[in-house]
Amino acid sequence: NIFASTSNFIEITGVQLELGEQATPFEHRSFGDELLRCQRYYYQHLSAGTSAEDIIATASSYDGSSAYGALNFPVTMRSAPTVDGYTATNAWKYYNANGVGYFNNFNVVNVHSNSVQLQNAQSIGITAGQSGNFQAGVNECYLAFDAEL
């Protein structure tokens, strides 16, 4: 008797809810397919605590103080997402052949449902025309994109 004790429980798996009166065949989705469906609404590019050296995007030095990099999402998002990223003194870095320029956060220059263009928000000393990488500067860095309903 399931109701004989409050410590009794039932485990149920493989349930599919249907709208209307007509049942459809059960859908078996892989983890990968389900993840891609979720990333249409939220995509976390970098989790806090992963590494202080993780590359965010390849970038190009526009002038002596700013660089731009593009980041493509794994799937087209529902709409142009909002950007949520870690902000702190010297949290991020632009690394290229001339060295490292540290900055606090990103400016979002262009954001679309399939990509975002990032720029270092604070001026850094770099050489125009060179390429490099936007990277996490500290372990606390995170970068996520939200297109929830």
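User: D33 and R37 have their closest N and O atoms 3.2 Å apart. Why is this called a salt bridge?

Analyst: The label needs a side-chain nitrogen of Lys or Arg within 4 Å of a carboxyl oxygen of Asp or Glu. D33 and R37 come to 3.2 Å, so they form a salt bridge. Keep in mind that this is a predicted model, where local features need pLDDT of at least 70 and side-chain atom pairs count only at pLDDT 80 or more, while totals for chains, interfaces and linings use all residues. Residues are numbered from 1 along each chain as its sequence is written, and side-chain values use heavy atoms, with hydrogens and water left out.

User: Where do D33 and R37 sit?

Analyst: Both are in helix 1 (residues 31-38), four residues apart, about one turn of the helix. A helix here is a DSSP run (H or I, at least four residues), a strand is a run of E with at least two, and both are numbered from the N terminus.

User: What makes K93 buried or exposed?

Analyst: Buried means under 20% relative accessible area, exposed over 50%, and partly exposed in between (1.4 Å probe, protein chains only). K93 has 6%, so K93 is buried.

User: What makes a group of residues a nonpolar core?

Analyst: The members must be buried Ala, Val, Leu, Ile, Met, Phe, Trp, Tyr or Cys, joined through side-chain atoms within 4.5 Å. The largest such core here has 24 residues, and I56 and W92 are among those with the most contacts inside it. Strand 2 gives the most to this core, with three residues.

User: How do you know that strand 1 and strand 10 pair?

Analyst: Two strands pair if DSSP finds at least two bridges between them. Four bridges join strand 1 to strand 10, so they pair, and they run antiparallel. One example is Q44, whose bridge partner in strand 10 is A144. These two strands belong to an open sheet of three strands, in the order 1-10-4.
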